[in-house]
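Subject: Structure for you, with notes

Hi,

Here is the structure I promised to send. My notes follow below it.

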Amino acid sequence: MKPLHFAIIGAGTAGLASAILLAQQNIHVTLFEKFPQLEPIGAGLLLQPSGLAVFEHLGVLDEALKLGAIVTGLEGQMPSGQLLVNSHYRQAGEHFYGLGIHRAALCHVLESKLAEYSELITWRMNTEIEKIEEQHNEARIYGLSVGQKFDACFDAVIIANGTRSTLRPPSWVKVDQAYPWGAKWTIVPECLTLNSEILHQFYNRSKIMMGILPTGAIPTQPDQRLSSVFWSLPSNQLNNFLPHQQAKSAWLKQISKRWKPAADWLEQVIVNPEDQQQWLSAQYRDVVMSKFGEGRIGVMGDAAHAMSPQLGQGANMALLDAWALGQAVQSVRNSESMDWTQLWKNYHQHRQSSTAFYQFLSRLLTPLYQSDLWWTSVIRDLSFPWMYRIPYFRKEMALTVSGLKTGMFSQMQYEDVAHPFSRNRELTDSAFKIE
């Protein structure tokens with residue numbers, strides 16, 4: 001059998017991690033990326049235990065820990081000072097933690113690992129893919145590379161080009177719509193005013209929501225520790241956020257009335273609010289698909305299941321997608337052929353229930369934090385504090401945040417995902433355990 005050759009469209013978290021896991025099985029990969037070079041854009045993100053398990057599986061966890069910031073839990077505070085959310089990873093597992101990390105650091109860690117398999121990896125930068133066609137024994141892609149039309153054929157194509165992908169098969173898409181709310185974000189020197197091992201969130205009803213995430217450092221400045229600041233807004237207001245100094249003063253006053261320590265710190269680190277490069281916009285979509293793969297085409301990462309960032313699962317789900325692809329390929333490949341039908345059957349067994357659970361929960365919870373409906377925050381403020389006082393719910397909420405749930409009463413085990421690739425052959429069909 002000729003060596004397998006996969007095309008991966010998009011060199012984000014899902015694309016890079018998938019390329020590593022395929023190359024580890026001696027599969028050739030061509031990575032297509034529309035930008036001329038890898039320049040990760042975006043605020044810091046939180047790698048949950050589920051994502052860290054994949055990092056351990058890939059052999060990159062130690063490098064990530066050097067650049068990231070350990071996060072022990074999430075605390076969400078109301079103006080009264082009461083903690084509405086008080087979730088800590090140890091409630092889900094004794095040795096669990098999260099890792100706040102800059103997107104540039106995340107990309108650096110994955111790209112460095114991928115460089116170990118350079119003989120199996122081909123990069124096609126500055127390339128826009130316009131169309132994919134599946135034929136009898138190949139998948140053909142068409143696009144523009146450095147302004148010139150081209151087409152090429154592969155054994156399989158993985159679509160991993162993000163939330164706004166136009167390449168996912170339309171017949172697989174059940175929902176594809178923008179959220180009415182988004183966020184402004186910026187990255188600033190580390191916040192030492194608040195506990196630097198906690199993701200801090202601040203809520204006032206469902207109209208005001210702010211987050212401060214420990215973000216670690218970027219590879220070029222490893223000694224400068226950072227924090228990411230998020231401020232929730234309706235999407236139609238994103239372009240008018242802090243246009244001048246007076247707007248900044250009014251904004252800080254609004255925060256100071258509710259959470260003075262946070263306002264005092266923000267006043268020090270956000271100097272020029274009119275600098276458009278200091279605050280960037282994040283807009284979100286809800287994408288639900290009936291399937292993630294069929295034949296020689298698959299869809300992964302945000303292209304497959306974009307959702308509100310309320311549960312902080314985006315990068316973690318992308319990493320689990322990559323892990324599941326590696327497991328599925330390993331389970332069906334033999335010296336004679338690749339059973340594509342069985343591959344996607346195995347992949348869906350790993351990913352479909354978990355993805356559906358988090359998408360459902362995201363749609364359920366998002367209006368409690370970002371909504372024009374007055375009653376949603378009333379339900380939240382009355383129910384959440386007492387839920388955290390009940391051990392069962394406290395553990396279940398911590399497990400949910402950890403990214404390990406596969407359903408209301410089921411979860412995957414960290415060890416089964418983190419198990420080194422070379423020793424994981426017997427775990428392929430038993431990666432999830434019901435508890």
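This is a predicted model.

**Trp-172**

Trp-172 sits in the loop between β12 (156-159) and β13 (173-189). Is Trp-172 buried or exposed? Its relative accessibility is 6%, so Trp-172 counts as buried. What is Trp-172 in contact with, beyond its neighbours within four places in sequence? The list is Val-288, Met-289, Ser-290, Lys-291, Phe-292, Gly-293, Glu-294, Ile-297 and Val-299. Take Glu-294 from that list. Trp-172 and Glu-294 are 122 residues apart in sequence, but their C-alpha atoms are 9.9 Å apart in space.

Glu-294 also pairs with Lys-291, another contact of Trp-172. The side chains of Lys-291 and Glu-294 form a salt bridge, 2.8 Å from N to O. Lys-291 is partly exposed, at 23% relative accessible area. Glu-294 is partly exposed as well, at 42%.

**Other salt bridges**

How many salt bridges does the structure hold? There are 13. Two of them involve helix α9 (residues 340-369).

- Arg-351 with Asp-321: the closest N and O atoms are 2.7 Å apart. Arg-351 lies in α9 and Asp-321 in helix α8 (residues 314-332), so the pair ties together parts 30 residues apart in sequence. Arg-351 counts as buried because its relative accessibility is 1%. Asp-321 counts as buried too, with 1%.
- Arg-363 with Asp-286: here the closest N and O atoms are 4.0 Å apart. This pair links distant parts of the chain, with Arg-363 in α9 and Asp-286 in strand β17 (residues 280-289), 77 residues apart. Asp-286 is buried, with a relative accessible area of 4%. Arg-363 counts as partly exposed, at 38% relative accessibility.

Keep the cut-off in mind for Arg-363 and Asp-286: a salt bridge needs the side-chain nitrogen within 4 Å of the carboxyl oxygen, and the closest N and O atoms of this pair are 4.0 Å apart.

There is also a network of salt bridges, which links Glu-138, Arg-140 and Asp-151.

**Helices**

Helix α2 (residues 49-58) is mostly covered. Nine of its ten residues are buried. They are Pro-49, Ser-50, Gly-51, Leu-52, Ala-53, Val-54, Phe-55, His-57 and Leu-58. Just after α2 comes Gly-59, which takes a positive phi of about 85 degrees.

How do helix α5 (residues 245-256) and helix α6 (residues 260-269) cross? Their axes come within 7 Å, at roughly 155 degrees. Angles over 145 count as roughly antiparallel, and α5 and α6 are therefore roughly antiparallel to each other. On the α5 side, the contact is made by Lys-248, Trp-251, Leu-252, Ile-255 and Ser-256. On the α6 side, Lys-260, Ala-263, Leu-266 and Glu-267 make the contact.

**Surface patch**

Which residues form a nonpolar patch on the surface? They are Leu-373, Trp-374, Trp-375, Val-378, Ile-379 and Leu-382. Together they have about 670 Å² of accessible area. Trp-374 is found in helix α10 (residues 374-387). Trp-374 counts as exposed because its relative accessibility is 66%.

Best wishes

Key. Residues are numbered from 1 along each chain as its sequence is written. This is a predicted model: local features need pLDDT of at least 70, side-chain atom pairs count only at pLDDT 80 or more; totals for chains, interfaces and linings use all residues. Side-chain values use heavy atoms; hydrogens and water are left out. Patches are made of residues with over 30% relative accessible area and no salt bridge: like charges are joined within 9 Å, nonpolar side chains (Val, Leu, Ile, Met, Phe, Trp, Tyr) within 5 Å. Accessible areas come from the Shrake-Rupley method with a 1.4 Å probe; for residues, only the protein chains shown count as cover. Helices (H or I, at least four residues) and strands (E, at least two) are DSSP runs, numbered from the N terminus. Buried means under 20% relative accessible area, exposed over 50%, partly exposed in between (1.4 Å probe, protein chains only). Contact means heavy atoms within 4.5 Å. Axes are lines fitted to C-alpha atoms, for helices over the stretch in contact, and angles run from 0 to 180 degrees between N-to-C directions. Angles under 35 degrees count as roughly parallel, over 145 as roughly antiparallel, 65 to 115 as roughly perpendicular and the rest as oblique.
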